[in-house]
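Subject: Structure handover

Hi,

Here is the structure I promised you. Please open it before you read on.

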Amino acid sequence: MAHQLRAVGLDFIEVAPVRMVFVRQMAAAPEAVYRALADDVPGWSEWFSAVTFARPTGDGSTREIHLRGGGRFQETIIAAKEPEVYAYRVDVANTPGIRAFAEEWRLTPSGTGTLVRWTFALDGTAPIRLAAKLGRAGLRRAFRGAVAALDRRIAV
């Protein structure tokens with residue numbers, strides 16, 4: 001069953017009750033990383049193992065995402081500033097208990113590559129907040145694997 005979430009802006013990334021920030025270095029330049037994030041939405045399922053399906057919807061300012069395990073999201077892009085930041089909020093989710101949810105990918109030049117900072121920001125019921133916090137290690141592993149796979153994909 002689909003649940004409508006609270007519409008949040010970019011400021012939510014900094015004030016969410018549950019915030020997790022993961023950082024990783026990539027060899028690819030920020031412009032190439034940004035293009036993979038923003039311009040190749042269907043490609044997400046090729047490099048982010050948690051994503052099984054991704055497609056832009058509407059005029060490209062929204063996305064449909066399916067996750068391993070059955071999660072389904074309808075998202076709205078809330079920041080797209082090439083090559084620095086790509087962020088989106090979840091508008092509709094099939095997981096009860098989530099009130100607001102957004103993610104931000106911040107890209108910073110680092111040598112000839114990119115320092116990638118991914119922020120996961122969530123508000124929800126107490127059980128959802130606890131589950132998210134308990135899932136930190138899994139999110140960290142998923143992020144590391146995704147960044148490594150994306151770096152390999154861009155290098156090809």
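This is a predicted model: local features need pLDDT of at least 70, side-chain atom pairs count only at pLDDT 80 or more; totals for chains, interfaces and linings use all residues.

Residues are numbered from 1 along each chain as its sequence is written, and side-chain values use heavy atoms, with hydrogens and water left out.

Start with β6. Helices (H or I, at least four residues) and strands (E, at least two) are DSSP runs, numbered from the N terminus. In β6, 9 of 9 residues are buried, meaning under 20% relative accessible area; exposed is over 50%, and partly exposed is in between (1.4 Å probe, protein chains only).

Now its partners. Two strands pair if DSSP finds at least two bridges between them.

- β1 (residues 3-4) runs antiparallel to β6, with 2 bridges. Gln4 stands opposite Val92.
- β5 runs antiparallel to β6, with 8 bridges. Here Gln74 is the bridge partner of Val92.
- β7 (residues 98-110) runs antiparallel to β6, with 5 bridges. Tyr88 in this case pairs with Glu103.

Next, the turns. A hairpin of 3 residues joins β5 to β6. Pro83 lies in the loop between β5 (72-81) and β6 (85-93). The peptide bond from Glu82 to Pro83 is cis, with omega near -5 degrees. The hairpin of β6 and β7 has 4 residues between the strands. Gly97 takes a positive phi there, near 95 degrees.

Then the pocket. A pocket is an open set of points on a 1 Å grid over the protein atoms alone, where a 1.4 Å probe fits, with protein on both sides within 12 Å along at least five of seven lines; lining residues have an atom within 4 Å of a point. The largest pocket has a volume of about 640 Å³, the space filled by probe spheres set on the points, which are joined across faces, edges and corners. It is lined by 27 residues. Leu67, Phe73, Phe101, Phe120 and Leu139 lie nearest its centre. Among the elements that give two or more residues to this lining are β4 (62-67), β8 (113-124) and α5 (136-155).

Val21 is found in strand β2 (residues 18-26). Why does Val21 count as partly exposed? Because its relative accessibility is 35%.

Best wishes
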